[in-house]
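Hello,

Here is the structure you were waiting for. My notes follow below it.

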Amino acid sequence: MSEPSLAIRKFSDLANPTRFLGLVATVWPWLAGLTLCLFAVGLYLSFTTTGDYQQGETVRIMYVHVPAAWLSMMCYTVMALSALGTLVWRHPLADVSAKAAAPIGAGFTLVALITGSLWGKPMWGTWWVWDARLTSVFVLFLMYLGLIALNRAMDDPTRAAKVSAVLILVGFVNIPIIKFSVEWWNTLHQPASVVRMDGPTIDSEFLWPLLVMAIAFSMLFFTLHILAMRNEILRRRIAVLRRHAARSAGGAA
Amino acid sequence: MIAMLLRDLKLSVRAGGGALIGVLFFMTVVAVIPFGVGPDLNLLARIGPAILWIGALLASLLGLDRLFQAEREDGSLDLILMQETPLVLTVFVKCVAHWIATGLPLVIASPLLGLFMNMDEVAIGATTLTLLAGTPAITFIGAAGAGIAVALPRGGLLVSILVLPLAIPVLIFGVSAVYAAIQEPAPFLPPFLILVALNLFFAVIGPVAAAAALRLSSD
Amino acid sequence: MRLVAEGLSARRGEDLIFQDVSFEIAGGEALVVKGANGSGKSTLLRVLAGLLPAEKGTAKLLAAAQPVERLSEAAHYLGHRNAMKRELTVDENLSFWKAFFGDFAGGTGVSADEAAESVGLGGIVHLPFGYLSAGQQRRMAMAKLLVAWRPVWILDEPTAALDAAAEAMFAGLVTAHLAHGGIAIAATHQPLGLEGVKELRMKGFEYSSLETWA
C-alpha cells in the first residue's frame with residue numbers, strides 16, 4: 001500500500017496549487033493565442049465554404065452548434081473525472097477543477113441549445129421540439145445549473161466539493177440513461193454523422209471547418225478552465241486570509 | 001425601509017440565497033411535464049399556459065418559508081418587532097424584496113419556457129404579462145402563511161399547504177386571462193383586471209395578516 | 001427620564017413565570033436583574049422589550065425627550081441571538097441596523113466603523129459576519145447598540161460568551177451610556193463590573209404568593 005500512496009503524494013506535490021498557479025501563468029497566454037488563431041482559421045473556413053444545397057446558408061450554424069454540443073459533453077466528462085479525483089484521491093485541485101468547469105459547461109450547453117434552436121426554426125419550423133437529443137441536452141443544462149446552485153448553497157468549499165462530486169458521478173451515470181430512454185420516445189434530430197464506426201458520412205468540405213472549430217472550441221474550454229481554476233484558487237486564498245484577519249483582530253483587543 | 005429592501009436583495013444573491021433556486025425549480029418542473037404527457041407539440045401548446053402558471057405558483061412558494069424564519073432564527077425578528085416603524089410596512093417591504101429576488105426571475109424566464117412549450121407569440125406575451133401581474137399576489141398571500149408557520153419546526157411544507165388553496169383565485173384568473181387572449185371570442189381585459197385587483201387586495205391583507213401572526217407568535 | 005414598572009406579571013403558556021415585579025430607574029442608572037435559572041429574568045426583559053405581553057401591570061418611560069407609546073420603541077434589546085446575518089459583511093449588517101433603527105430623540109448613533117472601533121474590532125468590518133469567532137460576533141452585536149441612539153438598553157446575558165478583557169470593554173460601553181443619561185437593564189450571572197447599580201432579585205414562582213391566585 002505504501003508504493004501507490006507515495007506515488008500519489010508525489011503526484012499531488014507536483015500539482016499543488018502554487019505550482020499550478022505558476023504553470024497557469026506561463027501557459028495561459030499561449031493557450032489563449034492558439035485559441036484565437038484557431039478561431040480565426042475556423043471562422044474563415046466556415047464562412048468561405050459553399051452552403052448546403054438543401055439548407056442554404058443556415059448550415060453554417062453547424063460550425064458553432066456541433067462543437068458547442070461536443071464541448072458540453074466533454075466538459076461534463078472533465079467534471080466527472082475531477083469528481084473521481086475528489087472522492088478517490090482527495091486531490092485538492094480536483095474539486096477546484098470540478099467547480100470551475102460547471103459554469104463553463106453550462107455556457108457551452110446554452111450556446112448549443114440557442115444555436116440549435118436558431119437552426120431548428122428554419123429547418124423544422126419550430127424553436128423547440130421534445131426530441132431525444134435536444135431533451136437530453138436540456139436535461140444536461142439543468143444538471144449544470146443544479147450543480148452550480150449546490151456549490152453556491154454551501155459555505156465550506158471542501159464539503160461542497162465532496163457533495164457535488166457525488167452528484168456529478170450520479171449524473172454521469174444517469175445522462176446516458178436519459179439519452180437512451182428518450183431515444184425511442186421520439187426523435188427528429190439527425191443522427192450523428194461525424195463520429196461513426198464506418199468513417200464520417202459528412203462531406204469533407206464541411207468536415208474540415210468543423211474539425212478546426214471543434215479544436216478551437218476545445219482550446220477555448222481549456223483556456224477558460226485553467227483561468228477559472230486560477231480564480232477559484234485565489235478566491236479560496238482570499239477566504240483563508242480573511243479568516244486569518246478575523247482571528248488576529250480578536251487577539252489585539 | 002430602503003435599507004431593508006437592499007439588505008434582503010443582497011441576502012438573496014449571496015451564497016445560499018434562494019434567487020437562483022426558484023427559477024431552476026420552475027424550469028425543472030416545466031421541463032418534466034412533456035415527459036409525462038408526451039412530446040405532442042399541439043397538446044403542449046394548448047396546455048402550455050396552464051403548465052407555466054402552475055410551475056410559477058409552485059416555484060414562488062418554494063422560498064417563502066424562509067421569509068421570516070431566517071429572521072427569527074438569528075434574533076432579527078425581535079428587533080424588527082420592537083421598532084416604531086409599523087410592522088405591516090416592514091412585512092410589505094420584505095415581500096417586495098422577496099418578489100424581486102424570486103418572482104421577477106420567474107416572469108423573465110417564462111417566455112423562454114413558452115418556446116419550449118411551443119406556444120405562439122400571443123400566448124407567450126399573455127402568459128408573461130399575467131405572471132407579472134399575478135406572482136406578487138402569490139408572494140403577498142404567501143407571506144401570511146409564512147408568518148403563521150414561522151414558529152413551527154417544519155414550517156416549509158406547511159406554508160405550501162396553507163398557501164396553495166388561498167392562491168387558487170390567482171391561478172384561475174391568471175390562466176383564464178391567458179386563454180382569453182388566445183381564443184378569440186372571450187375578452188382578455190376582465191379576467192386580467194380581476195387579477196390586478198386580486199394583487200392589490202392581497203398586497204393589503206397579506207402583510208396585515210402576516211404582521212398579526214408574527215406578533216402573536218413572539219415568545 | 002424615569003423608567004417605571006408597576007406590578008408586572010407574565011406567563012408563558014399556562015405557567016405564571018413571575019408576579020408583581022415593580023421597580024423604578026432614573027436616567028444614568030443601571031438595574032441588574034439576578035436570579036437562578038428559570039427565575040424569569042429573560043421573560044421579564046422580553047416583557048419590557050414588548051416582545052411578550054404582560055399579564056398584569058405596566059412599564060412606562062416617563063418624561064423622555066420624546067413621548068413614547070411603547071417602551072420598546074425607546075429601547076435596544078440584546079438577546080441571546082446576535083441578530084446579524086452571516087452572509088453579509090459586518091459593515092453591511094451594522095449599516096442596515098443603523099438605517100433601520102433610526103435615532104431616538106435625544107442622541108445620535110455613531111457610524112458602523114466607529115461602533116466596531118468601540119468594541120475593539122475596528123478594521124475587520126469588511127469581513128462577512130460568519131467569518132468571525134463566537135466572541136467577536138457577540139462584540140459586533142454589542143456594536144449594534146451604538147449605531148443608533150436608544151435611551152434604554154435591555155441586555156440579556158450580554159457577556160455570556162466573552163473573555164475578561166471583552167467584559168471590561170463592555171462595562172466601559174455601559175458606563176458611557178449611563179453617563180449620557182441612559183438607562184441599562186441587564187440580566188446576568190456574572191458581575192458586570194459596574195459601580196453603584198440597583199439590583200433586582202428574581203425568585204421565580206415562590207416569589208409570588210399563591211393566595212392572590214385563589
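**What was found**

In this predicted model, 19 residues of chain B are in contact with 22 residues of chain C (contact: C-beta atoms, placed from the backbone, within 7 Å). On the chain B side, α1 (2-13) and α5 (76-82) are the elements that give two or more residues. That side has seven nonpolar, five polar and seven charged residues (nonpolar: Ala, Val, Leu, Ile, Met, Phe, Trp, Tyr, Cys and Pro; charged: Asp, Glu, Lys and Arg; polar: the others, Gly among them).

Two conventions. Residues are numbered from 1 along each chain as its sequence is written, and chains are lettered from A in the order written. Local features need pLDDT of at least 70, side-chain atom pairs count only at pLDDT 80 or more, and totals for chains, interfaces and linings use all residues.

Now chain C. Five strands form an open, parallel sheet, in the order β5-β6-β7-β3-β8. Strands here are DSSP runs of E, at least two residues; helices are runs of H or I, at least four. Pairing takes at least two DSSP bridges. The edge strands are β5 (75-78) and β8 (198-201). Five bridges join β6 (152-156) to β7 (183-187) of chain C. One partner pair is C:I154 and C:I185. Helix α5 (164-179) of chain C packs on the sheet and touches β3 (30-34), β6 and β7.

Last, helix α10 of chain B, residues 189-217. Its 29 residues should span 42 Å at 1.5 Å a residue, and the end C-alpha atoms are 41 Å apart, so the two agree (expected span: 1.5 Å times one less than the number of residues). α10(B) also has a kink of about 25 degrees, centred on B:F202 (bend: the angle between axes fitted to the seven residues ending there and the seven starting there).

Best wishes

Note on methods: Two residues are in contact if their C-beta atoms, placed from the backbone, lie within 7 Å. Axes are lines fitted to C-alpha atoms, for helices over the stretch in contact, and angles run from 0 to 180 degrees between N-to-C directions.
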